[in-house]
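Please look over the sequence and the structure shown here. Keep both in view as you read the report.

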Amino acid sequence: MQQENEAYGKNAPMKINQAIYNKEETPIVSVVMPAYRCANTIGQAIDSVLSQGVPLELIVVNDCSPDDLDDVMRPYLDDPRVHYIQNERNSGAASSRNRGVSLAKGRYVAFLDADDWWEEDKLKKQLEVLKKTGAVLCCTGRELVTPDGKETGRVIGVKEKITYRMMLHQNWINCSSAVMKTEIAKEFPMEHEEGHEDYILWLKILKKYGWTAGVDEPLLKYRLTAKGKSGNKLHSAKMTYDSYRYAGLGRLKSALCFCAYAVNGIKKYASAYLHTFGLQGRSRCDRIAKN
């Protein structure tokens, strides 16, 4: 097993624009990627990170994955941007992200799950928004893709400004789209693996800082799967209610927020499906109407 000192990954097969990115630059963004049972998808995720064209580092945390993840990572062993570390025991996504954040050297931290991927210039666009607005956190829209990676045309957008009150009624921030200041990520580590740890994190950050910025473009490709914690909708519903309680809300307010969350969730995904099949007279790739 590899120790805390990192093994470094190799250049991804995707071409990197060396004219705008020098591998030896100090990273502006530290990308944290927990990895578990993802040998079939992580390559695409890594390629999308290394093609961003901004100074970055990628911290892949192997959470005792039982597949051939080490073999998949081996081709990346020459790229000094990629840090590959292993947990001594299976700790879960939240703990793995926290470990990655603790090693981050960039001014910003971004999260990306090993089965999702980014469009080019995602980070560049978010960094521009963060600088322009002074926000501590920024998210983007996302396009849903099938488990085998095929685009569906179903796009979930975001507001350009998302407040704490808005977040109480709907989780606007997908974890794989988020970029935040490193000190904020270290101030608010992910907790409560048994709940929606990312939603709890956003609620805590926005409760203190008030709002976050959004880039209303589908810069994240989000893979649909039934294997994750959100795959079982009844279990996910309980975790959502628990997330409100972990974030400090009382029982009554948690129940009211959960009802609003459920209604907004149905509207959000129903709208996405309607657009997919052209039932609103638009093309398959149009963005869904946002609440």
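This is a predicted model: local features need pLDDT of at least 70, side-chain atom pairs count only at pLDDT 80 or more; totals for chains, interfaces and linings use all residues.

## Helix H4

Start with helix H4, which runs over residues 122-133. Its 12 residues should span 16 Å at 1.5 Å a residue. The C-alpha atoms at its ends are 17 Å apart, so the length agrees with that expectation.

Which residues of H4 are buried? They are Lys-122, Leu-123, Gln-126, Leu-127 and Leu-130. Viewed down the axis of H4, these buried residues fall within an arc of 120°, so they line one face of the helix. The face turned away from that buried side carries Lys-131 and Lys-132, which are exposed. Just after H4 comes Gly-134, with a positive phi of about 75°.

## Salt bridges

Side chains of opposite charge can pair when their charged atoms come close. How many salt bridges does the whole structure have? The search finds 11.

One of them joins Asp-71 and Arg-74. Their closest N and O atoms are 2.7 Å apart. Asp-71 has a relative accessibility of 43%, so it counts as partly exposed. Arg-74 has a relative accessible area of 45% and is also partly exposed. Another salt bridge links Asp-148 with Lys-150, where the closest N and O atoms are 3.9 Å apart. Here Asp-148 is exposed, at 56% relative accessibility. Lys-150 is exposed too, with a relative accessible area of 54%.

## A link between two helices

The side chains of Glu-187 and Lys-208 also form a salt bridge, with an N to O distance of 2.4 Å. Glu-187 belongs to helix H6 (residues 182-187), and Lys-208 belongs to helix H7 (residues 197-209), so the pair ties together parts that are 21 residues apart in sequence. Is Glu-187 buried, partly exposed or exposed? Its relative accessible area is 35%, so Glu-187 is partly exposed.

Some salt bridges share partners. In this way Glu-119, Glu-143, Glu-151 and Lys-221 are joined into one network.

## Positive phi angles

Most residues other than glycine have a negative phi. Where does the model depart from this pattern? One case is Arg-37, a residue other than glycine whose phi is positive, near 50°. Arg-37 sits in the loop between strand S2 (29-35) and helix H1 (42-50). At 54% relative accessibility, Arg-37 counts as exposed; the cut-off is over 50%.

Asp-121 is another case, with a positive phi near 70°. This residue lies in the loop between strand S6 (117-118) and H4. Asp-121 has a relative accessible area of 34%, so it is partly exposed.

## Apart in sequence

Leu-144 is part of strand S7 (residues 137-145). Its relative accessibility is 0%, so Leu-144 counts as buried. Leu-144 and Leu-220 are 76 residues apart in sequence. How many Å lie between their C-alpha atoms in space? The distance is 8.6 Å.

Thr-41 is found between S2 and H1. With a relative accessible area of 16%, Thr-41 is buried, because buried means under 20%. Thr-41 and Trp-117 are 76 residues apart along the chain, and their C-alpha atoms are separated by 9.2 Å.

## Cavities

Rolling a probe the size of a water molecule over the atoms shows where empty space is left. The count for this model is two cavities of 30 Å³ or more. The second largest cavity has a volume of about 30 Å³.

Which residues line the second largest cavity? The lining is made up of Asn-98, Val-101, Phe-111, Ala-185, Phe-188, Pro-189, Met-190 and Leu-201. Sorted by class, this lining has seven nonpolar residues and one polar residue. It has no charged residues.

Note on methods. Residues are numbered from 1 along each chain as its sequence is written. Side-chain values use heavy atoms; hydrogens and water are left out. On a 1 Å grid over the protein atoms alone, a cavity is a set of points where a 1.4 Å probe fits but cannot get out, and a pocket is an open set with protein on both sides within 12 Å along at least five of seven lines; lining residues have an atom within 4 Å of a point. Grid points are joined across faces, edges and corners, and a volume is the space filled by probe spheres set on the points. Ala, Val, Leu, Ile, Met, Phe, Trp, Tyr, Cys and Pro count as nonpolar, Asp, Glu, Lys and Arg as charged, and the others, Gly among them, as polar. Helices (H or I, at least four residues) and strands (E, at least two) are DSSP runs, numbered from the N terminus. The expected span of a helix is 1.5 Å times one less than its number of residues. Buried means under 20% relative accessible area, exposed over 50%, partly exposed in between (1.4 Å probe, protein chains only). The arc is that of the directions from the helix axis to the C-beta atoms. A salt bridge is a side-chain nitrogen of Lys or Arg within 4 Å of a carboxyl oxygen of Asp or Glu.
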